[in-house]
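Morning, everyone. Let me put the structure up, and then I'll walk through a few spots in it.

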Amino acid sequence: MTTSDAQQLTLDGLAPRKRRKRAPAEHTPAEHDPIAQVVLDVQALHLGQTFDYFIDEKDSDAAQPGVLVRVRFGGQRVGGVIWSRTSTSDTPRSSIRYIERVLSPDVLVPASMREDIGLIANAYGGTRANILRFAVPPRVAKVETEQRLTASFQRPVGGSLPDNIQGGFAGRGTLPDGTHPSGSSFEVARSVSEGAAQGYRRIAANYGEANVLNDALHGQRFQSFVFDSLPGAQEWQRNMAWMAATSLSAGKSAVVELPTMREVEDLLPVLRNYGLKPFSPTPSGSWIGDVAVLNAQMPAADRYRAYLAVALGQVKVIIGTRAVMYAPVEGPALFAILEDAAYQNMDGMMPYPQARGVMRLRAKSHGGVFVAMANARTVQSQWENTGPDTVETPVSGYSTAIHPLASPLKDATPWVRWLNRDELARLADATIGARVPHTAVRALSKALESGPVLLSIPQDSTSEALSCAKCHRQARCAKCSGPLQLPADRSESAPRCQWCGAAAIHWTCPGCGHERMRVVRVGAAGTAAELAGLFRGVPMVLSSKAQGLVRDVPCKPMIVIATPGFEPRVRPVSNERGAAGHEYRAVAILDAWTSLYALGVDARLDTLTAWMRAVSLCAPRSRGGQALILGETDPAIAQSLMMWDSRILASKDLDERMETGMPPTVAAACVWGRRDAVMTLMQRIGALGGDWAVCGELSGMLGPVPIAQPDTVDARELEATADRVKAVVRVPQSQRAELAIRLHRETARHVASREPGELRFRIDPKDLI
């Protein structure tokens, strides 16, 4: 018996099953543009290009650019988006596979969105696949069927809508059950137009350059604005709603990015006052509305439904948290962001896009309007408005300032007092040094007679900072002005800088010349128990991350103790004069001295932002409202708050950053990972001995500085993350685009060649620590 005739012996009933060979599927290339260039859901930097696939003739109509598809890549099936179609390919024909399946005929990534995604990826050194995983939510098939049914019955009614308004209200038509929504398209459009006109009269009376913003919202070219809002419990909501309504009445979409869902909940009722209805289900089961909410934490079906409605043009106003910056709107639109310095605006995954930069980039790409609104103006906004050498980059450039007029500002601002040691000594207060001095107790007790009082305290956490032992000024590095910290290895005697890693040898305080430091431990636990003895019998409410969020409180005498971002809203009460009393009667900033020891580049800005947010909930001085700053703080912060003019602090910060070479006067990127990988990258991009070794008159690289291992590290990863460091590279703003290109190229080389060690980077970081 030959080898070819041999058979494997088996027991009865266990004979191997004979597998039938399937004939290869018959495919016919599409007659027109048979090649699809697909962006795959593969996050590796070195695989960021498009890949060519054949389109079968039977799928040609559905396989349009912007639809989701399933393809074979390597040995697995992966999802992707058709980026474009073409008739030729540089790939050999024998190596091109066919698209296995078109997941949905709906174009989820329109042409303008595809262009935006490419621009965002280039600006932050990532790939289009990196951005697509943020932008396009996971598909839910049943939602697509539901939305197509709704769209087939959405037609304008009334017939007399102006052309520039019909597009914004096309969803207000007859429902599948034969009924009508709450109002016709014409009624809603008229309500929005009248409300926008009325809102403009209020804006023009309170803000300078308001006519420029109004003209831009009605125009067809790109313009950028910095909006400094007046104080007031509902001021920013009214301003943001007016801009959205004005854009909608001009036939444009509006995209509004907010820090948290609390601000989303605050804005929705004000938009409803303009006649704009939230995107919600009807009794028949279909979904209609004028305002959609996008949030990454939403249930998958709700998020995909809202995204699909925007992509299909059914909804024109989109609000939400960071995920909303990728809303697939078409044409000129409003892109507005609230509190652009908030840490929630920075994405936590590669390539770490920042909401402010993405929104401005998209506004410029669409020929729309970008607005950065905040109580406290950021250094970035100050640089864009008044910087002597402001240059145009992919994510920044010149912006027009909208600032409150003097008279309305005075009327809207509460009476702000800074009770520091000097002021208490002038008032002959015997309780100098107390956490809540007698002067503050008397003022708060008086305010409690008519309503609630808010006490803002620092975060419920503990950190260490170094300060001068004599004058208590925060200890800073003489080389780069970074914060000093005690070394992790206590055998070292000298503190080191957290930015550049330089040892602070023979340190002297620049303020008083003292040579000794002291450790300051910052914390705010036990505030409620401590204040219970000062305000006996007064109800107390505590709202913080540890204690839980209290959303709102009644307008009754009580003490509300809250950490930044957890301030409860005051519910209006009804009386014989109507609804009133939605403000705190007084606001006190406790432990202001902790702001002297906050770390980070934006430490003072974050402090002012938190304080302005709290004080904005206070009644104006015309209704007896007052705010108290209790303790020592930076005079620029106190002056900015007392005058409600954040330009004071922003100008000071900008001047200091120009001297020390910190963003936004330069473009910067943080690089971290294993020491040898980081240093190799720095050498390859020219930060070590190359053309970027010097930035102006300063060093182009700061560090490297040792950093802790990641929290998620396990035993298998210890070797790869050993000797983990961080470094900062600085280049002129005019070379920011080149910085992104070099970082992307060299990091992709590191990954593709499988060089050992962790290596990551982030452009335009909020903090350098």
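Start with Glu 209. Glu 209 sits in the loop between helix H5 (185-206) and helix H6 (210-218). This is a predicted model, by the way. Now look along the chain. Ile 402 is 193 residues away from Glu 209 in sequence, yet their C-alpha atoms are separated by 5.8 Å. Set aside the neighbours within four places in sequence, and Glu 209 is in contact with Ala 401 and Ile 402.

Ile 402 comes up again with Asp 228. Asp 228 touches Ile 402, and also, among others, Tyr 207, His 403 and Pro 404. Where is Asp 228? In strand E6, which covers residues 223-228. Asp 228 counts as buried because its relative accessibility is 3%, and the cut-off for buried is under 20%. What does its side chain pair with? The side chain of Arg 377, through a polar contact of 2.5 Å. Beyond four places in sequence, the residues touching Asp 228 also include Ala 374, Ser 646 and Arg 647.

The largest nonpolar core has 75 residues. Which of them touch the most other members? Leu 213, Met 240, Met 243, Leu 267, Ile 319, Val 371 and Leu 641. Helix H7, residues 235-249, gives the most to this core, with eight residues. Take Val 371 from that list.

Last stop, a sheet. Four strands make an open sheet, in the order E32-E33-E29-E34, with antiparallel pairing. Which strands are at the edges? Strand E32 (701-706) and strand E34 (759-763), each pairing on one side only. From one strand to the next, the twist averages 15°. Inside the sheet, strand E29 (residues 666-674) and strand E33 (residues 724-732) pair over nine bridges, in the antiparallel sense. Trp 672 stands opposite Lys 726 in E33. Helix H19, residues 675-685, packs on the sheet and touches E29, E32, E33 and E34. The direction of H19 makes about 145° with that of E29.

That's my tour. Over to you.

How values were computed: Residues are numbered from 1 along each chain as its sequence is written. This is a predicted model: local features need pLDDT of at least 70, side-chain atom pairs count only at pLDDT 80 or more; totals for chains, interfaces and linings use all residues. Side-chain values use heavy atoms; hydrogens and water are left out. Helices (H or I, at least four residues) and strands (E, at least two) are DSSP runs, numbered from the N terminus. Contact means heavy atoms within 4.5 Å. Two strands pair if DSSP finds at least two bridges between them. Axes are lines fitted to C-alpha atoms, for helices over the stretch in contact, and angles run from 0 to 180 degrees between N-to-C directions. A nonpolar core is a set of buried Ala, Val, Leu, Ile, Met, Phe, Trp, Tyr and Cys residues joined through side-chain atoms within 4.5 Å. Buried means under 20% relative accessible area, exposed over 50%, partly exposed in between (1.4 Å probe, protein chains only). A polar contact is a pair of N or O atoms within 3.5 Å; within protein, one must be able to donate a hydrogen and the other to accept it, and residues adjacent in sequence count only if both atoms are side-chain atoms.
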